[in-house]
There are 4 protein chains.
Amino acid sequence: MALNALQKQEVDSLSETFPTRRPVVESLEEKLYTPQKVLDHGFVRIIDYMGDDTAIVQAARVSYGKGTKQTSQDRGLIRYLMRHRHSTPFEMCEIKFHIKLPIFIARQWIRHRTANVNEYSARYSILSKEFYMPEPAQLGTQSKSNNQGRANVLQGAEAARVFELLKEDAERCYSHYEEMLNETADGNVIDENRQGLARELARMNLTMNMYTEWYWKIDLHNLFHFLSLRADSHAQYEIRAYADVMLEMVKEWVPYAYEAFEEYRLHGAHLSRTGIEIVSRALKGEKITQENSGLTPREWRELAALLPLEN
Amino acid sequence: MALNALQKQEVDSLSETFPTRRPVVESLEEKLYTPQKVLDHGFVRIIDYMGDDTAIVQAARVSYGKGTKQTSQDRGLIRYLMRHRHSTPFEMCEIKFHIKLPIFIARQWIRHRTANVNEYSARYSILSKEFYMPEPAQLGTQSKSNNQGRANVLQGAEAARVFELLKEDAERCYSHYEEMLNETADGNVIDENRQGLARELARMNLTMNMYTEWYWKIDLHNLFHFLSLRADSHAQYEIRAYADVMLEMVKEWVPYAYEAFEEYRLHGAHLSRTGIEIVSRALKGEKITQENSGLTPREWRELAALLPLEN
Amino acid sequence: MALNALQKQEVDSLSETFPTRRPVVESLEEKLYTPQKVLDHGFVRIIDYMGDDTAIVQAARVSYGKGTKQTSQDRGLIRYLMRHRHSTPFEMCEIKFHIKLPIFIARQWIRHRTANVNEYSARYSILSKEFYMPEPAQLGTQSKSNNQGRANVLQGAEAARVFELLKEDAERCYSHYEEMLNETADGNVIDENRQGLARELARMNLTMNMYTEWYWKIDLHNLFHFLSLRADSHAQYEIRAYADVMLEMVKEWVPYAYEAFEEYRLHGAHLSRTGIEIVSRALKGEKITQENSGLTPREWRELAALLPLEN
Amino acid sequence: MALNALQKQEVDSLSETFPTRRPVVESLEEKLYTPQKVLDHGFVRIIDYMGDDTAIVQAARVSYGKGTKQTSQDRGLIRYLMRHRHSTPFEMCEIKFHIKLPIFIARQWIRHRTANVNEYSARYSILSKEFYMPEPAQLGTQSKSNNQGRANVLQGAEAARVFELLKEDAERCYSHYEEMLNETADGNVIDENRQGLARELARMNLTMNMYTEWYWKIDLHNLFHFLSLRADSHAQYEIRAYADVMLEMVKEWVPYAYEAFEEYRLHGAHLSRTGIEIVSRALKGEKITQENSGLTPREWRELAALLPLEN
């Protein structure tokens, strides 16, 4: 998970403070630049942020013009905005992360198009020899019911064989990457008589559990959208691990907005038109079953998991 | 151009400084929150910013990994990025403005879709009685050669009549707006026996030179794109007036990036394939005219205005 | 609501058909180009479309690779995608509208940034003399409880006065617009001895109920987002009138996707974490009141309007 | 490069034509759905398109209102729009591709955020055993002068060793992928006594030259931007191979727009402020050298490569 030497030097140099008239979130300042470990070699760290809870309120109030209220009502206003999906005031806060993550997770992550990204370029530089190895508890078997999910945890010989293959293949591919480049990760030429393959080509030999890193900058509204999808129990464990760390950071940064996000989105749920009808019938005392619900068995299971309809 | 009472109070309260470990641009700090006048009642002021020239360099260098260079090379790197249109590092800086502008200009401005916006809502609140009146020197006549442009300046009786009409119509429409609302801008009910039209409807009676205001937040790459279009001589004077003020602010904020923007984009020019051929022929000593250039008269005029081809 | 002469000619010429191998929605073809009236002078018409329900399914199935299923399951798959907010397959359909609408509504509309837009330019051309006058039934009074809404309908003398003011002001401003331009809407010079103000300036004298028009192109996912906000009962009547017409068009275009949109989004509802707890308690037989609900009075009213909690 | 069986069946079924009133590009219709081979196993094929050259003109003319001109002037108008970077009319055309490409190229490609994408999901399905092997002529050595580029072509034993490594590693990793899944690409269980690792995990063992595929939909303006970057000589050969094929497709689709794109962007060039000054001085007869140019050696080389300044 280590930062490289240069990044460490940067963190140190940045312990110095400067006066600013911009909004400052004191408790976040302490955590700036410091990497939070994720998975085996990954991390998330905050590089910069713009705005805080009051920036959301300020933006909402420009819309409301003269009808500006007291600070004591900030929390209520933020909850109102979140509840009614008035998203633009949340766009007024911005945050920039430095993230180190496995490439197969980076490929999921990048599908969120509303962020600014600068990624380490393996066209330009040599990738470090760091690859993701799951912890034993994360070695899930393929779920039969959910094509995108995991079921049990692999055990015994089968698990051991998986670890062996992942490790050997990543190491062998990396070693051949260096051989093709004719250069080690440290920048030493291997054989003076060879020319070395272009970096933009040699990288294709690496496995997808290699780590990459990027700067990733996003506004709070779009970050909440990302987190609502990636902190969800249906998200792949490896990306959820990042989302979970980021949730804590956001909580520190904009506590009112975070609280509203938890209440109305992260732990809320959506009812369909039929779902509303069913719950209404149940509240009026009707006994509802899948058969008389009008829902497919699958939708019925989803609704029954949310609310005690079969009481 | 005045801020309202609340905004003034905000500026005062914000003279206080707080320590931060984030990048701080000292010379910009002094100018935070202070409105720069534009047109007769408009303004631009910076509310917040994220990053500085070093943030651009930092983002570029994550791409280049271990190949990080010395700070002394920052200027050169930024110029390289701008010249080769590597735009993503510029997206790592963000700025937030508070802008007051006439509605017909706001309608042009909002066409730039890559910004975050919160506008004063005339559905919710009553618009102030402030409308744009051009200065006499800006009262351009319709250009015959350019359907989108101005030619001379209106003079004498014709100019006087225009000022009279603009003023009378804006004032009358505003006065009727209050009458329909049954409420003055100060919030006083006009006639206890009337109900008043909904604000979301009454606003349709206002003329398009009324002022509105908004928070507008954008990253540096997209801001440069906006400025390259709106600080251009073909842009309408009234939006150019805002762009000109913002150019100065950007220069203060990210001096290296601004310098590169001026050199490579704002004062640069694009040559077409035929344009390159013509200039090459001319440099080799050939006498080029519109007739032998292969360009239309219009394109020839554009190129001849840029370079002394007819020497 | 009339198309201009040129547009009419275009509609006629386009009655011709051509063979294509692309997906064709037969029932939509008949309606192409034909304007559907909205408000007094506005319209919406479909100019082009790309894809249909099967394009959504096709895109979803590329994700699922070899696991492709039978066409009979298309409807179920589309419902699954909508229910679980898998939005990218819906982005594979695209539609292009030609819309004529009042400027104060266009200002709301344009806040949706994910569409492509080309608007009639009053910098370049003279706007037609067409302005929106509400129907008597739409002349709402300002709501006291909702700053953004309407309450009753204005009656009698107060209503009559509003109509008079709206009409007179729009007409007078338009007439002065022509006078300043020194040109009528038909292109006739008014006074040979005057020069005429530039169009880009004269337009500022017009009132915001003037009609404008634009081409507006958007993908189905973002169109659903737009419609869920603008066909909502909290949206201003004048924009809802457009949304309602567009809902019918979308229903014709992609019937399965539309049905799923209605079920899961348009007529669905969101429960907060506390809302889920309350409904669970009520389903278990507990008597819930605002006081013991943990909700603010406002949130309680919203929930009680959705579900019969007070039974 | 083969389509799978299902895709082939689809192409056949789609030879049928249907009548439409939408714009149809006859010569493109013949090519719909048919894959154009790229690299060893990749392809690009057009799945759908919306609009043609006349759609660009139509959108531009709504801006110009009544000033509509004759069809004979379409070409000139499109050239004007391209020259002056009026980009919105080009956004009115949309195209949808189905593309099969190596994953390390997909990672570059996806950085263009303004497109709609649905990618084959290796969380859900098993990836086919297809990986990219460069042709011998493409086996570039690392450039010393350009960190992102290739210099010579590897020869003899060193080249042979690269091919051997790429092939062996890709095959071994794939074989172990199947072993971990406990399932072959054909869907056969390998060992009834094992459970098999989840697909979302096993995929991390694959090398980055594996092929993936996606639907990719984009408007013409953003496609031109993509092509101007990716058909450029500085782009990596493997992505340029796709861009080159797509250029031909766009030429067929919107011939006027394509011609203008070639003239003004693809084969045009940008001059900096200093560049304009230098060329002006040279045209006036001054002898310009790097030393008196005011340019860095690198910028001087770039300019001298464009124009015969050293004549």
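Analyst: A:Phe18 has B:Thr20 as its bridge partner in β1(B). This is a predicted model, and the pair belongs to a strand pairing across the contact: β1(A) and β1 of chain B, residues 18-20, run antiparallel and are joined by three bridges.

The contact around this pairing draws 42 residues from chain A and 42 residues from chain B. On the side of chain A that touches chain B, the elements giving two or more residues are β1 (18-20), β3 (42-50), α3 (53-64), β4 (94-102), β5 (116-119) and β8 (211-219). Among these, β8(A) supplies the largest share, five residues. Sorted by class, that side of chain A holds 17 nonpolar, 13 polar and 12 charged residues.

The contact of chain B with chain D takes 24 residues from chain B and 24 residues from chain D. On the side of chain B, two or more residues each come from α10 (255-266), β9 (269-271) and α11 (273-283). The largest share here, seven residues, is that of α11(B). By class, this side of chain B divides into 11 nonpolar, nine polar and four charged residues.

Key: Residues are numbered from 1 along each chain as its sequence is written. Chains are lettered from A and ligands numbered from 1 in the order in which they are written. This is a predicted model: local features need pLDDT of at least 70, side-chain atom pairs count only at pLDDT 80 or more; totals for chains, interfaces and linings use all residues. Two residues are in contact if their C-beta atoms, placed from the backbone, lie within 7 Å. Helices (H or I, at least four residues) and strands (E, at least two) are DSSP runs, numbered from the N terminus. Ala, Val, Leu, Ile, Met, Phe, Trp, Tyr, Cys and Pro count as nonpolar, Asp, Glu, Lys and Arg as charged, and the others, Gly among them, as polar. Two strands pair if DSSP finds at least two bridges between them.
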